[in-house]
Amino acid sequence: MPLLLLDLDNTLLDRAGPFRAWAESFLAEIGAPATDIDWLLSIDADGLTDRWDIADAIRDRYALRIPSIDLVEELHDGVVGYTRLDPLVACALRIADDAGWLPVVVTNGSVRLEDAKIRQTGLDRYVADWVISEEAGVSKPNPRIFALAAQRARLPLRGAWVVGDSPEADIGGAAAVGLPSVWLHRGRSWTDGRFAPTRTVDSLIAAVSVVLAGG
């Protein structure tokens, strides 16, 4: 049974939409201009900015007396609360499983946030296991996190595919460990000359189709 190593945010679960929904609600709650959404999205940098840094930036911009830890909790609970599992993603995972592939999530992030999203959306019913960088002590693109996922699944890495939206973490990680990969482009063009995905698609459903077809 081969491994299907899947990224979480903006691959299995939409992260951009829930963050934007939370941000718009939060800005309205504190009386900030709706146009500030562009500033907050830029600070977030598509999820690459640490949540504590986002909290500090918000406190400084709006002179809020809210402790940073409370803003971090607000951000955590808000994003999780808006996150939903797309039924088509669930269907694609079921098809992969029925075809003999073992879906395992490999994600960078905090255990509390990533685990909550996996469990509260019901994604845990469609994947065999998940490896979160904070708990693993190593992050993508380091090959060790993929090796750890294989170790937990008690399966070899040989024959596995990596699917994700991050050029560096997912596709770079796949290249580092010598695995084929599918990149979810999300409207972007590939620009990294150091490595390249095996295939480029626009959705998880298309990615699963590529893997099942052997590339």
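**Figure 1. Tryptophan 22 and phenylalanine 26 are both buried in this predicted model.** The ring centres of tryptophan 22 and phenylalanine 26 are 5.1 Å apart and the ring planes meet at 20°, so the pair is stacked; planes under 30 degrees apart count as stacked. Tryptophan 22 and phenylalanine 26 belong to helix H1 (residues 16-29), where a spacing of 4 residues puts about one helical turn between them. Ring pairs also bring in Phe19, giving a cluster of Phe19, Trp22 and Phe26. The structure holds 5 aromatic pairs.

**Figure 2. Tryptophan 39 and tyrosine 62 form an edge-to-face pair.** Here the ring centres are 6.0 Å apart and the planes stand at 90°, so the pair is classed as edge-to-face; the class applies to planes over 60 degrees apart. The pair links distant parts of the chain, with tryptophan 39 in helix H2 (residues 37-44) and tyrosine 62 in helix H3 (residues 51-62), 23 residues apart. Tryptophan 39 and tyrosine 62 are both buried.

**Figure 3. Arginine 61 lies over the face of tryptophan 39.** The distance from arginine 61 to the ring centre of tryptophan 39 is 4.4 Å. The ring of tryptophan 39 also pairs with that of tyrosine 62.

**Figure 4. The largest pocket has a volume of about 710 Å³.** Its lining is made up of 29 residues, and those nearest the pocket centre are Asp9, Asp46, Gly47, Leu48 and Asn108. Two or more lining residues come from each of H3, helix H4 (68-82), helix H6 (111-120) and helix H9 (167-177). Sorted by class, the lining of the largest pocket contains 13 charged, 8 polar and 8 nonpolar residues.

**Figure 5. The second largest pocket has a volume of about 240 Å³.** This pocket is lined by 16 residues; Asn10, Thr11, Asp14, Asp86 and Val89 lie nearest its centre. Helix H5 (87-98) and helix H10 (204-212) each contribute at least two residues to the lining of the second largest pocket. By class, that lining holds 7 nonpolar, 5 charged and 4 polar residues.

Notes: Residues are numbered from 1 along each chain as its sequence is written. This is a predicted model: local features need pLDDT of at least 70, side-chain atom pairs count only at pLDDT 80 or more; totals for chains, interfaces and linings use all residues. Side-chain values use heavy atoms; hydrogens and water are left out. Rings of Phe, Tyr and Trp (its six-membered ring) pair if their centres lie within 6.5 Å; planes under 30 degrees apart count as stacked, over 60 as edge-to-face and the rest as tilted. Buried means under 20% relative accessible area, exposed over 50%, partly exposed in between (1.4 Å probe, protein chains only). A charge sits over a ring if NZ of Lys or CZ of Arg is within 6 Å of the ring centre and within 35 degrees of the ring normal. On a 1 Å grid over the protein atoms alone, a cavity is a set of points where a 1.4 Å probe fits but cannot get out, and a pocket is an open set with protein on both sides within 12 Å along at least five of seven lines; lining residues have an atom within 4 Å of a point. Grid points are joined across faces, edges and corners, and a volume is the space filled by probe spheres set on the points. Ala, Val, Leu, Ile, Met, Phe, Trp, Tyr, Cys and Pro count as nonpolar, Asp, Glu, Lys and Arg as charged, and the others, Gly among them, as polar.
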